[in-house]
Amino acid sequence: MLIAHCFQALVALLGLAAVFQQVKSQEHYNDTLIDHRMKRSPRGNKHRHAIHSEYYPYSHNRALKFDPGQMLLPRQNKQLLDYEYGLMGNQGPGVDCCPSVIEMVEPEGGKNDQDIYVELYKSDNYRQRFFEVSCHKDVLNKPCRFMDKKIHQSSKCVQQHTFTYALVKDTPDHRNKNLPTFPGADAGNKTYTLDYISVRSGCSCMVTPNNTRRNQKKHKDKVHKKKHAATKNVPVFPETAIDRSKR
């Protein structure tokens with residue numbers, strides 16, 4: 001069993017080697033690379049490097065052609081489609097309903113699959129890097145583009161996440177995982193092991209049912225049933241001799 005775990009750890013480490021990059025601290029770290037909106041906590045800051053790709057023509061600093069969340073006319077949708085497909089070199093799978101941005105991040109730590117913060121391995125010469133695909137900052141949680149007017153307000157651009165392997169500082173939480181530990185290069189008795197961390201994996205357009213009309217119909221049906229029940233329960237008295245004499 002231990003051999004199997006060691007083999008899995010070795011395979012993961014071979015894949016993990018792709019995210020390690022040797023860096024010169026004076027070249028990479030400057031204030032312009034820090035995305036301040038990502039500061040979830042002082043220990044969770046991330047250095048972000050924008051990646052230019054023909055399939056991801058936008059960056060967070062590049063404004064969208066139309067105001068995000070705006071309901072566009074068919075003519076405007078055609079203009080937007082032609083404009084963004086042109087940015088992609090008139091090739092590729094198509095234009096996103098929710099524009100995304102691809103970036104390379106160098107986090108200090110992250111949340112694992114148990115929602116526990118883990119500290120990533122780093123040294124003076126090496127950092128762990130990961131690719132993330134984020135919702136453009138202007139479309140996050142706003143209505144999707146190219147939607148029919150009947151469901152436009154029911155749609156929303158939602159950030160998606162996935163998990164990837166990382167080399168993290170060993171803690172008591174990892175003791176029962178039977179994974180090997182590795183000594184750190186820095187001074188001290190720090191050891192590191194494998195774990196998952198959450199990374200951004202895309203921006204999806206989610207559509208929720210519009211319950212307004214459904215609730216209105218339920219309310220009308222309820223009122224109608226109450227009126228019908230009240231009419232049905234009105235007592236009816238038999239006709240008396242006095243009533244017949246009045247006719």
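A residue is termed buried when its relative accessible area is under 20%, exposed when over 50%, and partly exposed in between, with a 1.4 Å probe and protein chains only. The structure is a predicted model, in which local features need pLDDT of at least 70, side-chain atom pairs count only at pLDDT 80 or more, and totals for chains, interfaces and linings use all residues. Residues are numbered from 1 along each chain as its sequence is written, and side-chain values use heavy atoms, with hydrogens and water left out.

**Overall architecture**

- Five helices and 10 strands occur in the protein chain; helices (H or I, at least four residues) and strands (E, at least two) are DSSP runs numbered from the N terminus.
- Of the 247 residues in the protein chain, 31% are buried.
- Contact means heavy atoms within 4.5 Å. Among contacts between residues at least 6 apart in sequence, 71% join residues at least 24 apart.
- The protein chain has an accessible surface of about 16,700 Å², and carbon and sulfur atoms account for 54% of this surface. Accessible areas come from the Shrake-Rupley method with a 1.4 Å probe; for residues, only the protein chains shown count as cover.

**Disulfide inventory**

- A disulfide is defined as a pair of cysteine sulfur atoms within 2.5 Å, and a search of the whole structure finds three.
- When the bonded cysteines of the protein chain are numbered in sequence order, their pairing is 1-4, 2-5, 3-6.

**Cys98 and Cys157**

- The sulfur atoms of Cys98 and Cys157 are joined in a disulfide, with an S to S distance of 2.1 Å.
- The torsion about this S-S bond is about -85 degrees, so the disulfide of Cys98 and Cys157 is left-handed.
- Cys98 lies in the loop between helix H3 (74–87) and strand E3 (100–107), whereas Cys157 belongs to strand E8 (residues 155–169), so the pair ties together parts that are 59 residues apart in sequence.
- Cys98 and Cys157 are both buried.

**Cys135 and Cys203**

- Cys135 forms a disulfide with Cys203, their sulfur atoms being 2.0 Å apart.
- This link of Cys135 and Cys203 is right-handed, with 100 degrees about the S-S bond.
- Cys135 is in strand E7 (residues 130–135) and Cys203 is in strand E10, so the pair ties together parts that are 68 residues apart in sequence.
- Cys135 is buried at 3% relative accessibility, and Cys203 is buried with a relative accessible area of 15%.

**Cys144 and Cys205**

- Cys144 is joined to Cys205 by a disulfide, with an S to S distance of 2.1 Å.
- The link of Cys144 and Cys205 is right-handed, with 110 degrees about the S-S bond.
- This pair links distant parts of the chain, with Cys144 in the loop between E7 and E8 and Cys205 in strand E10, 61 residues apart.
- Cys144 is buried, with a relative accessible area of 1%, whereas Cys205 is partly exposed at 28%.

**Cys97**

- The closest cysteine sulfur to that of Cys97 belongs to Cys205 at 5.5 Å, which is too far for a bond.
- Cys97 is partly exposed, at 30% relative accessibility.

**Thr193**

- Thr193 is located in strand E10 (residues 191–207).
- With a relative accessible area of 2%, Thr193 is buried.
- Leaving aside residues up to four places away in sequence, Thr193 touches Ala166, Leu167, Val168, Asp170, His174, Leu179, Pro180, Thr181 and Phe182.
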